[in-house]
Amino acid sequence: MKQTKKPVFFIVFALIIAFAASVIFGFSTQYGDVKTTYIKSVQDIRLGVDIQGGVDVTFVPADGVDATTEQLDSVTEVIEQRLTSLNINDYEVYEDDANDRVIVRFPWQAGEEDFDPEAAVKELGETAVLSFRIGTGTNEDGTPAGDIVLQGNDIENAEPMRQENQDGTFSYVVSLELTDQAAEVFSTVTSTMAGTGEAISIWMDDEMISAPTVNEAITGGQAVISGDFSAESAKSLADKINAGALPFNLETSSFKTISPTLGTGALEAMIISAIIAFAFIFVYMLVLYKIPGFVASIAIIGQVAVTLACISGWFGFNESSTLTIPGIAGIILAVGMGVDANIITGERIKEELNSGKSLDTALRAGYKRAFSSILDGNLTSLIVAVILMAAFGTPDSFLASWLNKLLSLFGIGATTEGVIYSFGFTLLVGTILNFVMGVFASRLMVTSLSRFKFLRNKKFYGGASNE
């Protein structure tokens, strides 16, 4: 091992502190209402529903339908459109083709104290098949009997409107803009029905929501759905029409919510606990291992900083990841493993010093002997982290695809559980950083400090004092 120069400690230390500061504060500029972010900070980390509160629901086809991949793709697209129409933009929607499932997660809506997650989930899973039919007749089972004139995909756009009635009162309607082809068909049909007293009934699934009489031909590609609508119900209907119809009925196989208050409390408790734990670790390492212990604490700061950078999207090649409470636990576990790696190294250095070897020889031998133990311990964690990410990540990812093939041999399939995936991700990143920070960076800083004459005493490295 070549001798490390004295300035190396200060260079590595400055880089770690500067990087940690950039991760915490980021860098952005603000011009009026336009904010440009150049370096993402911890504020850009997406918090999971178990922290900021929200909904985690799994949809499956009702009535035992065996969904195709194309149908699941359609379900995913419709659900995403409906989430957007509900002003829910920070969502996660996954398909699990192996088990015919669609997993949806979205956070509690910020600033809405009366947000009803059950109503939101119900709206997501409704089929909402819109149809315009001639007449108001029904079959024996209550389903509409009239010939279909228009369907949901004939609607270009739907918008709730408030209109004034002839008696001066106001009511809510849904204004429809038809496609060019549908407008031509609708104009022809209403022309033949005008003045006959017949009605065109409008159905949402098997429920007739309006049945206006055709008094004149409706041209121009515009139509209006009238009925006993409130502002909310008119908007809801317009949203469903814009989102389109699901290919089959959905039912929820699992549904859970968490209050944002509970999640925030858990986050604050874990952060405080982590700070207290780090303070104890710093004192413990400093007292027991002196300079290697001090350097280990600096390396831990670097490890946590890089982990948070990977989650926040600090690096340009990856987007912000979702951080959950188990994800925070993964960070803490990885830090514990990093401390353990530094303890192993510190003990090996002490053993070499106490055997009578010189400082330089003891440092070189201590790091070499410790590496094999650190490698064995961290390698098992890497394997566990990869398996967790494969088993609980998005089903279309490379790892999940590989694991599904293996699990299929036992008649089971991988699942999607973002909170566990976050744990695997932070554990994987933290474990890799144990080698970067706990081994490589720590060795550079310790050997650099050992170049200073006033720090050459063995007692500063855990050994007996020089005679």
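**Pockets, helix packing and sheets**

Reader: What makes up the lining of the largest pocket, by class?

Author: The lining holds 23 nonpolar, 2 polar and no charged residues. Here Ala, Val, Leu, Ile, Met, Phe, Trp, Tyr, Cys and Pro count as nonpolar, Asp, Glu, Lys and Arg as charged, and the others, Gly among them, as polar. The model is predicted: local features need pLDDT of at least 70 and side-chain atom pairs count only at pLDDT 80 or more, while totals for chains, interfaces and linings use all residues. Residues are numbered from 1 along each chain as its sequence is written, and side-chain values use heavy atoms, with hydrogens and water left out.

Reader: Which helices supply that lining, and what is the volume of the largest pocket?

Author: The volume is about 900 Å³. At least two lining residues come from each of α1, α7 (260-289), α8 and α9 (325-354), and α7 gives the largest share, 9 residues. Of the 25 lining residues, I271, A274, I275, V304 and L308 lie nearest the centre. Helices are DSSP runs of H or I with at least four residues, strands are runs of E with at least two, and both are numbered from the N terminus.

Reader: Why is one space called a pocket and another a cavity?

Author: On a 1 Å grid over the protein atoms alone, a cavity is a set of points where a 1.4 Å probe fits but cannot get out, whereas a pocket is an open set with protein on both sides within 12 Å along at least five of seven lines; lining residues have an atom within 4 Å of a point. Grid points are joined across faces, edges and corners, and a volume is the space filled by probe spheres set on them. By this rule there is 1 cavity of 30 Å³ or more, and the largest cavity holds about 30 Å³. P292, V295, A296, N342, T345, G346, Y367, S442 and V446 line the largest cavity, a set of 5 nonpolar, 4 polar and no charged residues.

Reader: Why are β5 and β14 called edge strands?

Author: Two strands pair if DSSP finds at least two bridges between them. The antiparallel open sheet has the order β5-β6-β4-β14; β5 (92-96) and β14 (250-258) each have a single partner strand, so one side of each lacks a neighbour in the sheet. The twist averages 15 degrees from one strand to the next. Antiparallel β5 and β6 (residues 101-107) share 5 bridges, with D96 opposite R101.

Reader: How do you know that β9 and β10 are paired?

Author: Strands β9 (residues 155-164) and β10 (residues 170-178) have 9 bridges and run antiparallel. P160 stands opposite V174. The two strands form a hairpin with 5 residues between them, and G168 in the turn has a positive phi of about 90 degrees.

Definitions and conventions. Axes fitted to C-alpha atoms, helices over the stretch in contact; angles between N-to-C directions.
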